[in-house]
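User: Could you walk me through how the features of a model such as this one are to be read, with the general idea before each case?

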Amino acid sequence: MNPAILESTGPASPASTRRPATNFTYLIEKEFSVDNLKPVDRPVGEPGPGEVLLGIRAASLNFRDYDILRGQYPAGHYAPPFIPVSDVAGEILALGAGVTGFRVGDRAMPNFWQVWDSGERPPAGAETLGGPLPGLLRQRALLPASGLVRIPDYLSFEQASTLPIAAVTAWNALIVQGGLKPGETVLVQGTGGVAIFALQIAKLAGARVIVTSSSDEKLERARSLGADAGINYRRHPEWSKQVAELTNGEGVEHVIEVGGANTMAESLDSVAVGGSVYVIGYLAGVEGGLSPLRVLRKKARVRGVLVGSRQSFVEMNRAFALARLQPAIDRVFSWEETKEAFHHMGSGRHFGKIVIRVD
Ligand SMILES: NC(=O)c1ccc[n+]([C@@H]2O[C@H](COP(=O)([O-])OP(=O)(O)OC[C@H]3O[C@@H](n4cnc5c(N)ncnc54)[C@H](OP(=O)(O)O)[C@@H]3O)[C@@H](O)[C@H]2O)c1
């Protein structure tokens with residue numbers, strides 16, 4: 001998709017009384033760095049055919065957003081001027097010509113992949129919000145209606161903003177790709193956004209969950225969300241041994257792998273024969289040797305995950321609404337505290353999701 005479509009102007013549409021007078025936007029104008037984020041007032045046009053004007057009420061951070069801002073994102077290089085952040089929730093303020101399925105006032109979130117509607121993989125040319133497509137850390141944005149998902153009624157804007165990357169990634173790993181069954185065991189690495197949604201989804205599916213963390217206090221919090229066992233990976237760097245003890249030597253059927261190069265070997269040593277390792281993140285590095293024997297010996301399925309399609313997002317929301325699943329929000333920052341929110345993510349002190357209120 002042409003990024004320009006997100007900023008295009010189109011024919012006039014019904015004006016909303018709720019539309020704010022400004023469109024403050026956090027922008028990197030020159031050099032990438034959290035401290036160079038600058039709020040600027042940027043005019044926004046009217047929605048063109050097929051577009052909506054979304055009034056953004058809350059945004060949540062993903063590790064990717066932090067990595068991009070500190071210039072260390074390994075999966076893409078973006079140039080200023082740049083607006084960060086993909087995951088937001090808001091209210092539709094105006095509709096362009098031909099939009100069906102949404103009305104002014106509806107609450108919606110954009111899917112991370114803008115033209116991946118359904119199926120196993122994003123179509124050729126599909127792109128993601130917050131790089132390379134413009135990000136959404138702003139008050140209003142023009143977005144194609146075809147990339148939006150309705151917010152479940154039981155969730156606030158702040159809760160909904162946590163879903164597009166972190167929850168959809170965990171859902172696709174465990175449910176769509178993994179076919180998780182009740183009674184199976186899932187190992188979840190860490191207590192960040194993806195990890196805590198993976199814990200909650202696994203419990204929803206009737207699985208047993210083992211969580212690893214650098215902090216005993218965070219492991220206790222994970223227990224309060226249903227984790228069955230916890231391992232401190234600082235105290236037990238070879239944590240696959242603890243996993244073996246906890247599973248009668250059999251290992252776990254599913255591993256949510258967010259560490260990357262430095263955790264992959266432990267993940268493969270923790271997985272049961274025929275089990276799956278979902279390769280999601282690289283928090284502990286991207287380079288490193290790995291013996292193919294580790295995969296072979298376990299007959300392991302190693303699957304990369306790229307968030308997910310719009311349809312998988314809709315299906316996940318249906319399950320979340322039935323269970324009234326409550327996203328774990330670590331802290332809600334104000335718009336003025338945006339830089340602090342990013343630094344908080346960098347500190348690694350958070351548990352679950354970090355949210356910024358946009359008002
Ligand atoms: N492929 C995809 O579709 C996809 C989607 C979303 C995210 N990701 C990637 O997945 C990773 C996690 O993203 P996120 O947004 O969930 O991050 P996050 O919320 O910042 O989570 C970070 C947490 O991960 C844990 N962690 C850090 N290093 C670890 C290690 N060596 N071993 C185990 N856990 C470790 C820490 O938990 P404790 O403090 O408990 O130790 C830390 O708090 C990132 O690399 C991100 O880019 C990929």
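This is a predicted model: local features need pLDDT of at least 70, side-chain atom pairs count only at pLDDT 80 or more; totals for chains, interfaces and linings use all residues.

Analyst: Residues are numbered from 1 along each chain as its sequence is written.

User: Which domains does the assignment give?

Analyst: Domain bounds come from an automatic or database domain assignment. Here that assignment gives domain 1 (3-162 + 327-357) and domain 2 (166-304), and their centres, taken over C-alpha atoms, are separated by 29 Å. Contact means that the C-beta atoms of two residues, placed from the backbone, lie within 7 Å; by this criterion, nine residues of domain 1 are in contact with 13 residues of domain 2.

User: In what order do the six strands of the open sheet lie?

Analyst: Strands (E, at least two residues) and helices (H or I, at least four) are DSSP runs numbered from the N terminus, and two strands pair if DSSP finds at least two bridges between them. The order is β10-β9-β8-β11-β12-β13, with parallel pairing. The edge strands, β10 (229-232) and β13 (301-304), each pair on one side only. Between β8 (residues 185-189) and β9 (residues 208-213) there are five bridges, and V186 has V209 as its bridge partner in β9.

User: Which strands does helix α3 touch, and how is its direction set against β11?

Analyst: Axes are lines fitted to C-alpha atoms, for helices over the stretch in contact, and angles between N-to-C directions run from 0 to 180 degrees. Helix α3 (residues 163-177) packs on the sheet, where it touches β8, β11 (252-257), β12 (271-279) and β13, and its direction makes about 155 degrees with that of β11. Helix α4 (residues 193-204) lies across β8, β9 and β11, at about 165 degrees to β8.

User: Why does the ligand lie between the domains?

Analyst: A residue is near a molecule if its C-beta atom, placed from the backbone, lies within 6 Å of it. The ligand is surrounded by 33 residues, the closest being G190, G192, S213, S214 and G281. Both domain 1 and domain 2 give residues to this shell, so the ligand lies between them.

User: Is S270 buried or exposed?

Analyst: A residue is buried if 20 or more other C-beta atoms lie within 10 Å of its own, exposed if 12 or fewer, and partly exposed in between, with C-beta atoms placed from the backbone. S270, in helix α7 (residues 264-270), counts as buried because it has 29 C-beta neighbours inside 10 Å. Leaving out residues up to four places away in sequence, S270 touches L187, S240, V243, G251, V252 and V255.
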